[in-house]
Amino acid sequence: MTRRLLIRATGAARPGQLAGLGQAMARSGARLLDINQSVTFGMVSLEALVGLDRDSDLESALSAAGDTLGLDVQAIQVSAEDYQRWSVQASEPRLILTLLAPHLPAGILAEVGALTAEHGLTVELIHRLSGREPLDGGVPAYGSCVECWLRGEEVDLDALREKALALGAMHGVDIAIQEDSIWRRHRRLVCFDMDSTLIQAEVIDELARRHGVYDDVAEITERAMRGELDFQQSFRERMSKLKGLDEAVLAEIAETLPMMDGVERLMMHLKRLGYRTVILSGGFTYFARHLQEKLGFDEVHANELVIENGKVTGEVREPILDANRKADLLREIAEREGLALEQTIAVGDGANDLKMLSTAGMGIAFRAKPLVRSQARQSISTLGIDAVLYLMGYRQVDLEDESR
């Protein structure tokens, strides 16, 4: 009859420990069923589940090996019922919960632990994606990020995300929850809104200020937000206010557009890692192409201003790129590139981005208004846009090693 033991070894990490424990298990005829090892601040923790089909004194052999290796070793009998329970849990869906903030307060762990327990989820693994904090206690260069792997029976993801959003808002922490799958590590297309996502401005507002019609344009925007106008109506009305604007103003604004925090770093890594990057914007191609030249986007899709005799006419070429068109373009680009929608990511901040965000395999609301954050599956508000890399599962240390 098979005997199963959970081997647990802890102590100060040093070379040769895995080899020594492995030799002790091998001499006893043990079969390896599962194993996990981690080192935190120089302390090693190793757990191995083994099966024994013949009598042996594995416990004594491990104890002797532990004394030699400087490890405290325990061998715990695992019943058939416990083994069956473990097997069932291992087949349950996995969720990835990511915590992001300039600093992560310790109290958030207790709150997250209570939230996951409430939904019947077990925390399987916790590891840090961000780099270590500076010795002087300053804010880490790219924020703090911890990733938790969760296991459990099917849960109400919408309810879990709603509670996580509220909990994060209380503590100034972004809490993102996504389903783990093979697609998470094989995404290849990233689509971005432009205004207030890649740049810290709404270009149409900047144009209106320069043309002396900002109040008129803002009033139309407010009517649209109240639901009195749809996007296309409000866009045409705002554009009409720009009639007569000198084309030279466009170049001046393009040269001074404030980049979003972290956008250069994000684009550097996405391009180096082989992602196709696209701008899908309800703004203007004039400015999207400027960003393309500066940051290296593979393609841009936006609205094209009509300019005649060096002046803006107040019109744009059809079709207007609205919420439906953004989602359609994402699908079309993915199909053209031979990608499944699960391999796509979309990032945006406005209500007109929601259809694009829901179409993508991972939709991220970036520094968005509460309504957009509540409807998007993921959101980032506390860090720069390069925090998208954390939601993709990349560790800062790996990115830095690869870029050297």
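Leaving out neighbours within four places in sequence, Asp195 touches Ala201, Glu202, Val203, Ile204, Ser281, Gly283 and Asp349. This comes from a predicted model, so let's walk through the surroundings of that residue and then turn to the rings.

Asp195 sits in the loop between β9 and α6 and is buried, because its relative accessibility of 7% falls under the 20% cut-off. Asp193 belongs to the loop between β9 (189-192) and α6 (203-211), and Asp193 is buried as well, with a relative accessible area of 6%. Beyond four places in sequence, the contacts of Asp193 include Leu198, Lys326, Asp349 and Met356. The Asp193 side chain also makes a polar contact with the side chain of Thr197, at 3.2 Å. An unreviewed UniProt entry lists Asp193 and Asp195 under "active site"; both are part of the lining of the largest pocket.

Now for the aromatic side chains.

Phe192 is in strand β9 and Phe297 in the loop between α11 (285-295) and β11 (299-303), so their pairing ties together parts 105 residues apart in sequence. Phe192 and Phe297 are both buried. Phe284 is buried at 2% relative accessible area, and Phe287 is buried at 0%. Ring pairs join Phe284 and Phe287 with Phe231, Phe235 and Tyr286 in a cluster.

Charges meet rings too: the charged end of Arg4 lies over the ring of Tyr83, 4.1 Å from its centre, while that of Arg188 lies over the ring of Tyr275, 4.3 Å from its centre.

Key. Residues numbered from 1 in each chain as written. Predicted model: local features only at pLDDT ≥ 70, side-chain atom pairs only at ≥ 80, totals over all residues. Heavy atoms only, no water. UniProt positions renumbered as here; feature names shortened; annotations may be inferred. 1 Å grid on protein atoms, 1.4 Å probe; cavity = no way out; pocket = protein on both sides within 12 Å on 5 of 7 lines; lining within 4 Å. Helix = DSSP H or I, 4+ residues; strand = E, 2+ residues; numbered from the N terminus. Buried < 20%, exposed > 50% of the residue type's maximum accessible area, 1.4 Å probe, protein only. Contact = heavy atoms within 4.5 Å. Polar contact = N/O pair within 3.5 Å; in protein donor to acceptor, adjacent residues only side chain to side chain. Phe/Tyr/Trp six-rings, centres within 6.5 Å; stacked < 30°, edge-to-face > 60°. Lys NZ or Arg CZ within 6 Å of the ring centre and 35° of its normal.
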